[in-house]
Amino acid sequence: MLTNLTPFLLHWAITALSLWVASHLFKGIRFSSTGALVVSALLLGLANAIVRPLLVVLTLPLTLITFGLFLLVINALMLMLVAKLVDGFKVDGFWTALWASLFISVLSLVLGAFVLGGSPEFTIQTSPGPGRVWL
């Protein structure tokens, strides 16, 4: 059971660290407490796993027209959604959310590659292997 929990906790910690660094670099992002930071990291991960794919599918024509740049808007909207849901997490405006979400994404990617090392046991499976079926 702990083998399944470890990647989740590492991703959660990386997201929390990225949010914390972003709150120190961007004046428009503030956390009132450590608890708000931890809950925001959890909700951001859930929003990116559940709500974001739905928005990507619904806005696919717009995303194709803008050559994928609209995905940056979706990332900013996810950050703003979490800020609305978590008491103690404030984002001042859309442009702050856009630049902060871009920074958080890149920092999370770099930290994830460094900490997790890209090893297969920490890779999230997006499709079944060749000749296998998910059921």
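Asn75 counts as buried in the predicted model, at 15% relative accessibility, where buried denotes under 20% relative accessible area, exposed over 50%, and partly exposed the range in between (1.4 Å probe, protein chains only). The residue is placed in helix H4; helices (H or I, at least four residues) and strands (E, at least two) are DSSP runs numbered from the N terminus. With neighbours within four places in sequence set aside, Asn75 is in contact with Arg52, Ser101 and Ser105, contact being defined as heavy atoms within 4.5 Å. Residues are numbered from 1 along each chain as its sequence is written, and side-chain values use heavy atoms, with hydrogens and water left out. As the model is predicted, local features need pLDDT of at least 70 and side-chain atom pairs count only at pLDDT 80 or more, whereas totals for chains, interfaces and linings use all residues.

The secondary structure of the protein consists of five helices and two strands, which follow the order α-β-α-α-α-β-α from the N terminus. Of its 135 residues, 31% count as buried. Among contacts between residues at least 6 apart in sequence, 66% join residues at least 24 apart. The accessible surface amounts to about 8900 Å², and carbon and sulfur atoms account for 74% of this surface; accessible areas come from the Shrake-Rupley method with a 1.4 Å probe, and for residues only the protein chains shown count as cover.

In soluble globular proteins, nonpolar side chains tend to be buried together. The largest nonpolar core of the model comprises 22 residues, and those with the most contacts inside it are Leu19, Ile29, Phe31, Leu79, Phe89 and Val91. Such a core is a set of buried Ala, Val, Leu, Ile, Met, Phe, Trp, Tyr and Cys residues joined through side-chain atoms within 4.5 Å. Two or more residues of this core are given by each of helix H1 (2-25), strand S1 (29-31), helix H2 (34-58), helix H4 (70-85), strand S2 (89-91) and helix H5 (94-116).

Leu107 is placed in helix H5 and is buried, with a relative accessible area of 19%. Not counting residues up to four places away in sequence, Leu107 touches Ser18 and Val21. A separation of 9.1 Å is found between the C-alpha atoms of Leu107 and Leu17, which are 90 residues apart along the chain.

The model contains four aromatic pairs, defined by ring centres of Phe, Tyr and Trp (its six-membered ring) within 6.5 Å, with planes under 30 degrees apart counted as stacked, over 60 as edge-to-face and the rest as tilted. Phe8 and Trp12 form a tilted pair, with 5.8 Å centre to centre and 40° between the planes. Both residues, Phe8 and Trp12, lie in helix H1 and are four residues apart, about one turn of the helix. Phe8 is partly exposed at 41% relative accessibility, and Trp12 is likewise partly exposed, with a relative accessible area of 25%. A stacked pair is formed by Phe31 and Phe89, with 4.5 Å centre to centre and 5° between the planes. Because Phe31 lies in strand S1 and Phe89 in strand S2, this pair ties together parts that are 58 residues apart in sequence. Phe89 is buried, with a relative accessible area of 1%.

Side chains of opposite charge can pair when their charged atoms come close. One salt bridge is counted, the criterion being a side-chain nitrogen of Lys or Arg within 4 Å of a carboxyl oxygen of Asp or Glu. The side chains of Arg30 and Asp92 meet in a salt bridge at 3.1 Å, N to O. This pair links distant parts of the chain, with Arg30 in strand S1 and Asp92 in the loop between S2 and H5, 62 residues apart. Arg30 is partly exposed, with a relative accessible area of 40%, whereas Asp92 is exposed, at 52%.

On the surface, Leu46, Ile50, Val51, Leu81 and Leu85 form a nonpolar patch with about 430 Å² of accessible area together. Patches are made of residues with over 30% relative accessible area and no salt bridge, like charges being joined within 9 Å and nonpolar side chains (Val, Leu, Ile, Met, Phe, Trp, Tyr) within 5 Å. H2 and H4 each supply at least two residues of the nonpolar patch, and H2 gives the most, with three residues. Leu81, found in helix H4, counts as partly exposed at 31% relative accessibility.
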